[in-house]
Amino acid sequence: MGVIPEDHYNLDTNLIASLLLSYVRNNPQFKLKEVQTTVKVAVSHTPSYKNAWLGRRRAFKIIYGDFDESFAQRPMYMNALKHFNPGTVVEWVHADRSTAEINIFKYIFGAFKLCIKGFKSCKPVISIDGTHIYGKYDLKMLIIMTADANGQIFSLAFAIIDKESKDAWSWFLSCLAVHVVKGRREVTYIQIGLLELFEVLRSSSSCMSRMHIIDYVRHLKSNFNSKFSNKGLEGMMWYAAIQHQERKFKSAMCKHGKSDRVKFVSNSKDT
């Protein structure tokens, strides 16, 4: 039985893309192994890894457009959000290298009117996190959430920045304070292990009188487990962390302090 050769001079990127359109439309994360299998079934030839990747990228561009086109349409998209959602806030900061013809954005902040209005009826607790935007450009998305009276997640605002830095966090938090928090007192900020954000919050002397800053307990638990890798200690830390009363927290910590596991960790650190 003959071996099916890789590629074919007619098996170019456009042909591969045409075979993948329906698959990529249903699943943008269509894997390269699946691409090779799909093409092989259709034309009895297996594309190389490189051609499979190029064909998938071509199919993705046909369906969703490319990154440059997408970013060029962002101002129109943000204006549409403001037009069809009156009261929605959008703030822009452009890079220094922007010209009269081309604006290169550095930061974008957005908050829907209903989210701004809804925060008045939500708990005064704000969770702050950031995540990577994967693609041609190395960007970060910042996300702000809270909890409503039923304990359900309630989105407040978002932003896209070039990188997580003190300048970016300062700008983002100032937009949040002006457009969403609006002078509400005794707001607790939960920051997800972000050093730059923590430093910015600490340096915000103008609002420290009405601000509380805490770390996300699940993030603390993850870091604790990666350092000590002990399920017993992890459970003890978690039990203390989830207490809602100070006396119960102190009681749990006192009990843990008498544990052989805690003594073992303390002694191992000394040695």
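Trainee: Which element gives the largest share of the lining of the largest pocket?
Mentor: Ground rules before that: this is a predicted model, where local features need pLDDT of at least 70, side-chain atom pairs count only at pLDDT 80 or more, and totals for chains, interfaces and linings use all residues. Residues are numbered from 1 along each chain as its sequence is written, and side-chain values use heavy atoms, with hydrogens and water left out.
Mentor: A pocket, on a 1 Å grid over the protein atoms alone, is an open set of points where a 1.4 Å probe fits, with protein on both sides within 12 Å along at least five of seven lines; lining residues have an atom within 4 Å of a point. Helices (H or I, at least four residues) and strands (E, at least two) are DSSP runs, numbered from the N terminus. Here α3 gives the largest share, 8 residues.

Trainee: How many residues line that pocket, and which lie nearest its centre?
Mentor: The lining of the largest pocket has 25 residues, and Phe60, Gly65, Phe67, Tyr134 and Gly135 lie nearest the centre. Two or more lining residues each come from α3 (49–64), α4 and β4 (139–147).

Trainee: Next, ring pairs. What describes one?
Mentor: The distance of the centres and the angle of the planes. Rings of Phe, Tyr and Trp (its six-membered ring) pair if their centres lie within 6.5 Å; planes under 30 degrees apart are stacked, over 60 edge-to-face, and the rest tilted. The whole structure has 5 aromatic pairs. In one of them, Phe109 and Phe172 are tilted, at 5.7 Å centre to centre and 55° between the planes. Phe109 is in strand β2 (residues 105–111) and Phe172 in helix α7 (residues 166–181), so this pair ties together parts 63 residues apart in sequence. Ring pairs also link Tyr107, Phe109, Trp171 and Phe172 into a cluster.

Trainee: Is Phe109 buried or exposed?
Mentor: Buried means under 20% relative accessible area, exposed over 50%, partly exposed in between (1.4 Å probe, protein chains only). Phe109 is buried, at 0%, and Phe172 is buried at 0% too.

Trainee: Which residues of α5 are buried?
Mentor: Arg74, Met78 and Leu81. The face turned away from the buried side carries the exposed Met76, His83 and Phe84.
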